[in-house]
Protein chains: 2
Amino acid sequence: MSPQTRERILAIASEMGYVASSAASGLATGRTRTVGVLAPYVSRWFFSRAIEGVDIALQENQYNLMLINLGGYGGNRERLFEHTMLRKQIDALVVLCLGLQPSELEHLHLTEIPLVAVGGPVKGFHQVCIDDYQAAQLATKHLIELGHRRIAQVLGDDKDEVDFAVPKLRDRAFEETLLAAGLRFEPGWELNGDFTVAGGVRAAAQLFDAPGEKPTAVFCASDEMALGVIMEAQRRGIRVPQELSVVGIDNHEFAEAAGLTTVAQNPVEQGRLAADMLIKELDGAVGTVRSVAAPFELLVRSSTAPPSR
Amino acid sequence: MSPQTRERILAIASEMGYVASSAASGLATGRTRTVGVLAPYVSRWFFSRAIEGVDIALQENQYNLMLINLGGYGGNRERLFEHTMLRKQIDALVVLCLGLQPSELEHLHLTEIPLVAVGGPVKGFHQVCIDDYQAAQLATKHLIELGHRRIAQVLGDDKDEVDFAVPKLRDRAFEETLLAAGLRFEPGWELNGDFTVAGGVRAAAQLFDAPGEKPTAVFCASDEMALGVIMEAQRRGIRVPQELSVVGIDNHEFAEAAGLTTVAQNPVEQGRLAADMLIKELDGAVGTVRSVAAPFELLVRSSTAPPSR
DNA sequence: CTGTTAGCGCTTTCAT
DNA sequence: ATGAAAGCGCTAACAG
């Protein structure tokens, strides 16, 4: 038929409220035009931003986004992996960094759909993420170059997620960078902040309450914890950066408003890139999905300064 | 067949990696076991929390969650409404408060699937949300009862979203409560903070930079803006609450850490309740979906105190 | 190049 | 009770 007839028919059809049944076409083609996003949390900054990034790419290509949240209720993990994720439900999957069980990883590979990890290395996966070691090193060096010698650390160690490498990498980078500069950290200056503001507040309280010498700077493995540290410092009248320098990692949306010096990364772009690769792969460009190192940069704002004592 | 045979077969089937094709069963039954969440943003506190709440209910009932993000790219709105949302793609929809065009609302009703709004009144919809007027009134009264007479307002007026009633309700409640107490607001003490931290910072800067008398308290229509106001105050050395009281609405996850006095609401519970009603409705309990007023309460923390001058 | 037909893998109804 | 068969609404391969 002629292109204009085609147009006319399509127009009439849609006017009549006709919409192709996705179930029927899915059955016939084996494609759902839906990609899944497996997330450990949906309301934490990194994850919600990454989801937005994935969504941008999907919308541009008329794909739907199915949210598979592992953070909801523990018991459902099995069902999600064995059922939801399986063939015919989604065409591809982006895995937002998290510690998956080996059996779960195996399950994912069994589905034989294109996969990509975002935000952290997952073994056996192509991934798009920053080099967490270098990012943490950059933040630590910034403190050292300002002249700080007594630096504490707030990291986020999630006991549950044994395989999640991000906190470990940031932790190791901090320690090795300190040692390389001939510094050492005091016992008790390595706190756990759970990657949350509340955790940062707790860690700071612990630090300030401890007897003896205080650090002049704190390296935080995420902005949310850094923000918590700053809030607790303010509550106690400890001036930032005059009495305490604080640096984070992420460039959380609150970081600029709070004047937080941080190593910025962009989860929106990471998610978008990952989804783009997946879509191209689905469109037949075999081998498009590959590992990509995402950019990061130090943003010096007003939470860091040379030590005053 | 016997129940045990049944079990055995099922076990073997799943061992062999068999999973029913959702497309096929969807075609046959007309059900997708998927509910959509229409969100104006995914990374703002209220929305990401509400999504989590919806997700809890869905996971408990073996439903999938399809995220339909309107915030992504403007141009796609039409496609989302005309295509994605239509029959056979999702069984029900939760609409997270936002200003939809009348034509879009009409489209939603045309799908004839169960609908429910969360977080704000949407005309023609059943909804679960707090009474925004009362919530804002409660916050304002708190300031007045502390003795404040000179109160500024930071609201979030989104020009784009003409039909979104939440900011208007909070605004009106503030003004009427002030007038009822015999107070009036200065010209220039009504700022727009866009519902973001950055907007709160800007509004506060504007307020502090203006010549003449300063307010002793600020009512913010959301915690994110209130947090921005506090950060800007701190940057300028204005002490909270001694020199400036700040109250918000929401109980954002940062509110406690920042000591922010606020009127708390719980989007997780709201989303969960909404999804539960939808699921019951789908299970045949016709009439389950109805409007519900969500609870809220004043949480007095350390950002408010009687005025010192 | 247009028009017809055979499935896709389930569910459900109808015979047996 | 169990088993056979008829679609659900598309797509893709085929014949005209």
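This is a predicted model: local features need pLDDT of at least 70, side-chain atom pairs count only at pLDDT 80 or more; totals for chains, interfaces and linings use all residues.
**The interface of chains A and B and the architecture of chain A**

Chain B and chain A bury about 4,400 Å² between them, with 57% of this area on carbon and sulfur atoms. In the contact, 51 residues of chain B meet 51 residues of chain A. Across the interface of chain B and chain A, 17 residue pairs are in polar contact, both residues of each pair having pLDDT 80 or more, while the number of salt bridges found there is 0.

Several elements of chain B contribute to the side that touches chain A. At least two residues each are supplied by α2 (22-29), α3 (45-60), β2 (64-69), α4 (77-84), α8 (197-209), α9 (223-235) and α10 (255-258) of chain B. Of these, α3(B) gives the most, with 8 residues. Sorted by class, the side of chain B that touches chain A holds 22 nonpolar, 17 polar and 12 charged residues.

The strand β2 deserves a separate look, as it takes part in pairing between the chains. Strand β2 (residues 64-69) of chain A and β2(B) are antiparallel and are joined by 3 bridges. Within this pairing, Leu67(A) stands opposite Leu65(B). The two strands belong to an open sheet of 12 strands with mixed pairing, ordered β11(A)-β5(A)-β4(A)-β3(A)-β1(A)-β2(A)-β2(B)-β1(B)-β3(B)-β4(B)-β5(B)-β11(B). At the edges of the sheet are β11 (292-293) of chain A and β11 (292-293) of chain B, each of which pairs on one side only. Inside the chain A part of the sheet, strand β1 (residues 34-39) runs parallel to strand β3 (residues 92-96), and 4 bridges join them. One residue pair in this stretch is Val35(A) with its bridge partner Ala92(A) in β3(A).

Attention now turns to the domains of chain A. The domain assignment divides chain A into domain 1 (3-130 + 266-293) and domain 2 (132-264). The contact between them draws on 13 residues from domain 1 of chain A and 18 residues from domain 2 of chain A. Their C-alpha centres lie 34 Å apart. Domain 1 of chain A and domain 2 of chain A bury about 1,300 Å² between them, 52% of it on carbon and sulfur atoms. On the domain 1 side, Arg44(A), Trp45(A) and Ile130(A) lose the most area to domain 2 of chain A, and together they account for 46% of what that side buries. Between domain 1 of chain A and domain 2 of chain A, the count of salt bridges is 0, and 1 residue pair is in polar contact, with both residues at pLDDT 80 or more. The side of domain 1 of chain A that touches domain 2 of chain A consists of 8 nonpolar, 3 polar and 2 charged residues.

Over all chains, the whole structure has 20 salt bridges. One of them links Arg150(A) and Glu213(A), whose closest N and O atoms are 3.7 Å apart. This pair connects distant parts of the chain, 63 residues apart: Arg150(A) sits in the loop between α6 (132-145) and β6 (151-155) of chain A, and Glu213(A) in the loop between α8 (197-209) and β8 (217-220) of chain A.

A few backbone features complete the picture. Most residues other than glycine have a negative phi, and most peptide bonds are trans. Against this background, Val240(A) and Pro241(A) are joined by a cis peptide bond, with omega of about 5°. Pro241(A) lies in the loop between α9 (223-235) and β9 (245-250) of chain A. In chain B, a cis peptide bond likewise joins Val240(B) and Pro241(B), here with omega of about 10°, and Pro241(B) is located in the loop between α9 and β9 (245-250) of chain B. Turning to phi, Gln62(A) is not a glycine, yet its phi is positive, at about 55°. Gln62(A) is placed in the loop between α3 (45-60) and β2 of chain A.

How values were computed. Residues are numbered from 1 along each chain as its sequence is written. Chains are lettered from A and ligands numbered from 1 in the order in which they are written. Side-chain values use heavy atoms; hydrogens and water are left out. Domain bounds come from an automatic or database domain assignment. Contact means heavy atoms within 4.5 Å. Buried area is the accessible area (1.4 Å probe) that two parts lose on being put together, summed over both. A salt bridge is a side-chain nitrogen of Lys or Arg within 4 Å of a carboxyl oxygen of Asp or Glu. A polar contact is a pair of N or O atoms within 3.5 Å; within protein, one must be able to donate a hydrogen and the other to accept it, and residues adjacent in sequence count only if both atoms are side-chain atoms. Ala, Val, Leu, Ile, Met, Phe, Trp, Tyr, Cys and Pro count as nonpolar, Asp, Glu, Lys and Arg as charged, and the others, Gly among them, as polar. Two strands pair if DSSP finds at least two bridges between them.
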